[in-house]
Amino acid sequence: MTTLHITNTSRWFGNVVAVNDITMTIGPGVTGLLGPNGAGKSTLINMMSGFLAPSAGTVTLDEKPIWRNADCYRQIGLVPEREGMYDYLTGGEFVLANAELHQLPDPRAAAAEALATVEMTHAADRRIDTYSKGMRQRVKMASALVHHPSVLLLDEPFNGMDPRQRLQLMDLLAKMGDEGRTVLFSSHILEEVEQLASHIEVVVAGRHAASGDFRKIRRLMTDRPHRYLIRSSDNRALAAALIADASTSGIEVDVAEDALRVQAVDFARFTERLPSLARERDIRLLTVAPSDESLENVFSYLVGT
Ligand SMILES: Nc1ncnc2c1ncn2[C@@H]1O[C@H](COP(=O)(O)OP(=O)(O)OP(=O)(O)O)[C@@H](O)[C@H]1O
């Protein structure tokens, strides 16, 4: 069993605080690290993989600090977000180089096995600059897996993959999680995380926003107050009906937009009541659009900013 502990960890770059006093534990199975762009996910992953020292706090693997600890590196595989590959090598040579760096007893066999795991054997002798983005991603994955690490860290691994490649990678990660490996992947796409990880850690603006079961956190997100932009055949009559209903806490008539801006406090009740309130008054609903659905807003709600 391999467990990563991040304890009161911060990392700053000059006066930018990328990670701000985060404490979390990542155990065996698949964990999703979710957060909008710039939240600090890559910085966290780089500290977990030993590429970056924490400015404060500790990052440990089974109680041992990871920074400058070669024993830990042997247990960790990293699939970085950046491309940064030697394009003039073939995929096979690239994976082999990593097998040799790890001083594996039979680097060729290990490289061949890792390439087979990601279904890249057929393209192993082609230069990396002829690969598609998805193929590059798979070769990076093979290189991270070549030494059979017990911890696999992946930074935005699904970026640029087509749906089939995405499913393949999801299956592979799920299998590794089931085998008892500690797998952590970052993403800013809720649906991606939902499909693969039952346990998630949410970071927003460098801070730890939520941790735990995906469904619990999804419910928190769904239950938050929502804002809508509504256009109808009679905005003022609809506004009067909505303000009398307990599902709504605020309404603004936006004359310029010829619309209503509505704050719904009870999401489930609001989505059920709005159509009936309109129907009862012969009002036609023309537009009902959420106006605060960006991930940043959803996440900000979780951290209470
Ligand atoms: N080497 C660096 N020097 C200066 N600032 C940095 C450095 N690395 C990261 N940052 C800053 O730290 C913050 C967090 O960045 P980080 O890349 O960890 O976020 P992220 O959640 O991975 O975002 P993305 O999904 O866009 O990669 C950002 O404000 C970023 O600009």
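This note goes through the predicted model point by point, from the domains to the sheets, the ligand shell and the nonpolar cores.

1. Domains. The domain assignment divides the chain into domain 1, covering 4-221, and domain 2, covering 225-303. Taken over C-alpha atoms, the centres of domain 1 and domain 2 are separated by 41 Å.

2. Four strands form an open sheet in the order 2-1-4-5, and their pairing is antiparallel. Its edges are strand 2 (16-26) and strand 5 (64-65), each of which pairs on one side only. Strand 1, made of residues 4-13, is joined to strand 2 in the antiparallel sense over seven bridges, and within this pairing F13 stands opposite V16 of strand 2.

3. The ligand shell. The residues that surround the ligand are F13, V16, A18, G35, N37, G38, A39, G40, K41, S42, T43 and H188. Strand 2 and helix 1 (41-48) are the elements that give two or more residues to this shell, and helix 1 gives the most, with three residues. Sorted by class, the shell has four nonpolar, seven polar and one charged residues.

4. The parallel pairings of strand 7. Strand 7, residues 151-154, pairs in the parallel sense with strand 6 (residues 76-79) over four bridges, and G77 stands opposite L152 of strand 7. Strand 7 also pairs in the parallel sense with strand 8 (residues 182-187), again over four bridges, where L154 stands opposite F185 of strand 8.

5. Burial of strand 7. In a regular strand the side chains alternate between the two faces of the sheet. For strand 7 both faces are covered, with V151 and L153 buried on one side and L152 and L154 buried on the other.

6. The largest nonpolar core. This core has 59 residues, among which V95, A142 and L153 touch the most other members. Helix 5 (residues 133-145) supplies the largest share of the core, namely five residues. Leaving aside residues up to four places away in sequence, L153 touches I45, M48, S49, I76, L78 and L184. In soluble globular proteins, nonpolar side chains tend to be buried together.

7. The second core. A separate nonpolar core of 12 residues is also found, and its members include L238, A264, F270 and A278.

How values were computed: Residues numbered from 1 in each chain as written. Predicted model: local features only at pLDDT ≥ 70, side-chain atom pairs only at ≥ 80, totals over all residues. Pairing = 2+ DSSP bridges. Near = placed C-beta within 6 Å. Nonpolar A, V, L, I, M, F, W, Y, C, P; charged D, E, K, R; others polar. Domains from an automatic or database assignment. Core = buried A, V, L, I, M, F, W, Y, C linked by C-beta atoms within 7 Å. Buried ≥ 20, exposed ≤ 12 C-beta atoms within 10 Å, placed from the backbone. Contact = placed C-beta atoms within 7 Å.
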